[in-house]
Amino acid sequence: LTEPAVFHIAHAGLGGRESVPASDLSHGERRRLEIAMALALRPRAFLLDEPKAGMGPEGTADLTTILADLRSEAPILLIEHDMDAVFQLADRISVLVYGEIVASGTPDEIRSDPKVRQAYLGEEESA
């Protein structure tokens, strides 16, 4: 492998797994391989649609760390249902309910937004 390829593989959390065929990688490792492949293209932005889907808690935590590091490479547009990860990673959040944006703002603004709390936490709106 070339030096840049090894760098991208390591950056995506797969250091030491360079010689393992993709078909032998776990689900989480395949997600990391996808990130390494994207890094090799030197993207101007990352568009990630539920990158944590199907992962367990340990893989989710590892991927959150990797994604936090990716922010220094290029902006990330992340579609994700793992709200803990969203709040850790996002500078700005837009919340959709049935395809409609109900709120946009910083993580703190979104956490306290009554429409978001009602839609995602089942809380009643106060009168």
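Contact means heavy atoms within 4.5 Å. Helices (H or I, at least four residues) and strands (E, at least two) are DSSP runs, numbered from the N terminus.

**View 1. The whole chain.** This is a predicted model, where local features need pLDDT of at least 70, side-chain atom pairs count only at pLDDT 80 or more, and totals for chains, interfaces and linings use all residues. Residues are numbered from 1 along each chain as its sequence is written, and side-chain values use heavy atoms, leaving out hydrogens and water. The protein chain holds 6 helices and 4 strands. Their order along the sequence is α-α-β-α-β-α-β-β-α-α. The C-alpha trace spans about 60 × 30 × 20 Å along its principal axes.

**View 2. The buried face of helix 1.** His8, Ile9 and His11 of helix 1 are buried (under 20% relative accessible area, with a 1.4 Å probe and protein chains only). Seen down the helix axis, the buried residues fall within an arc of 165°, so they line one face of helix 1. The arc is taken from the directions from the helix axis to the C-beta atoms. These buried residues pack against helix 2 and helix 3 (57–70).

**View 3. Helix 1 meets helix 2.** The axes of helix 1 (residues 3–11) and helix 2 (residues 27–40) come within 8 Å and cross at roughly 135°. Axes are lines fitted to C-alpha atoms, for helices over the stretch in contact, and angles run from 0 to 180 degrees between N-to-C directions. Helix 1 contributes His8, Ile9 and His11 to the contact, and helix 2 contributes Ala36, Leu39 and Ala40.

**View 4. After helix 1.** Gly13 follows helix 1. The phi of Gly13 is positive, near 85°.

Methods
Buried means under 20% relative accessible area, exposed over 50%, partly exposed in between (1.4 Å probe, protein chains only).
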